[in-house]
Amino acid sequence: MYEKRAPYQVHIETFGCQMNEYDTELVRALLKARGFTFTDDRERADVVLMNTCAIREHAHNKVYGHLADLKTLKRQRNLVVGVLGCMAQNLKQDLIDHESIVDVLVGPDSYRRLPDLIVQAIESQEKGPTRKGLAVDLSEYETYEDILPERAEGINAWIAVMRGCDNFCTFCVVPYTRGRERSRDPQGIVRETQHVASQGYKQVTLLGQNVNSYRYDGWDFSRLITAVAEVPGIERVRFTSPHPKDFPPSLLDAVAGHPKICKHIHLPLQAGNDRILQLMNRTYTRNEYLALVEKIRRRSSDITLTTDLICGFSTESEEEFLDTYEIVREVGYHAAFIFKYSERKHTIAARKYLDDVPDKIKADRVTRLVDLQKGTSLKKNRGMVGRTVQVLVEGDAKKSSAQWMGRSDGNITVVWEKGGSTVRPGDLVGVRITDASVTTLFGKELASR
Ligand code: SF4
């Protein structure tokens, strides 16, 4: 039995992408409005929620691992366990059938129903055996426009500008777990930016599964990001994750020309071979992608490019993998997120193609690409030595509180000794780069603004 009455304490664990981080902030706002409180300590919680990701195998396995741990806790005392997000949407039957400890399952379009379902689960546990609370309907309209997320402290505020995706890349579950694309009213987004600026956030990151396909009543993404960048108090604007098909000249102009829009484009390639790109339904060819890279670089050589890559997609041969290797070498990304292909349930690829590249070969391809990328990243970072970069201070460095950590405009981590520095998180400061590793620039602070 629950010995205490409300306010019940909720512990939320978040897995996966930035959109999930943002959704957790929405969920916190919805729960707070209903009187729930929050705890970082799972052992003290009345409700444990896991906001899950179905895209990467790693995040998926971690969730199952955490559910196994919670079994012991739930045997000892009453506890409501909820699975939210993409796994709840994609694997609901599996979770209902095999995870008896899960009381509440809520998909990304149904968070408004979560407080009621938790209350029901608590009440029914008090009375006896529980019935699972399920809310997994997809919506054509839900954008949570009216909810102000309960944001974590820091210098960056995430703002989702659109939800869902219509692209149906064959390896991806997002169109099934987050539904069709719909964009938010730009006026609401600008108001939210003004609000976060008034709270002291210095950077805004605009989020969407296919963020640059944003469309609303004659507004496109270039117009939106420019309007956001004009909000007083905001020093930097970033965006993620874009699709290479949605880069009109106006967006390149905005990135290259607006001083507050960061000179960083994450341009997911996924594969460098045309047959594999077609199997993935990425809708561009190798040459079209390279032409876009060329266009970006012609527009501004200051723009940092990063990418996502998948190794060992269905039927990928060694020669086809070498096409990816070659394009990665040719483009010279500043960083890349490189993954082994892992088949996700209910995707087009899972239904139509064989996951037939042996794991050992996938792992070997990942290693070769990672080695190549490490060399390029190190070379690019070393090329920054001697230059001065503007850094937005985020806080203490991970390894030492005697050092500051921040990011360059191009999204590269910069670390420097605090010494007698008077800067504070949120300040923009010039740092002269004196050394570099694969992932980090090291330097000396010149001046603060
Ligand atoms: S663009 Fe492709 S990979 Fe990205 S969310 Fe949409 S379907 Fe998934």
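Modeller: Ser-241 sits in the loop between strand E13 (236–240) and helix H9 (249–257); helices (H or I, at least four residues) and strands (E, at least two) are DSSP runs, numbered from the N terminus. This is a predicted model, where local features need pLDDT of at least 70, side-chain atom pairs count only at pLDDT 80 or more, and totals for chains, interfaces and linings use all residues. Residues are numbered from 1 along each chain as its sequence is written.

Biologist: What kind of peptide bond joins Thr-240 and Ser-241?

Modeller: The bond is cis, with omega about -5°. Most peptide bonds are trans.

Biologist: Is Tyr-144 buried or exposed?

Modeller: Tyr-144 counts as buried because it has 20 C-beta neighbours inside 10 Å. The cut-offs are 20 or more other C-beta atoms within 10 Å of its own for buried, 12 or fewer for exposed, and partly exposed in between, with C-beta atoms placed from the backbone.

Biologist: How about Asn-281, where is that?

Modeller: Asn-281 is in the loop between helix H10 (274–280) and helix H11 (286–299). Asn-281 also has a positive phi, about 60°. With 14 C-beta neighbours inside 10 Å, Asn-281 is partly exposed.

Biologist: Switching topic: which residues surround the ligand?

Modeller: Among them are Cys-165, Asn-167, Phe-168, Gln-209 and His-243; near means a C-beta atom, placed from the backbone, within 6 Å of the molecule.
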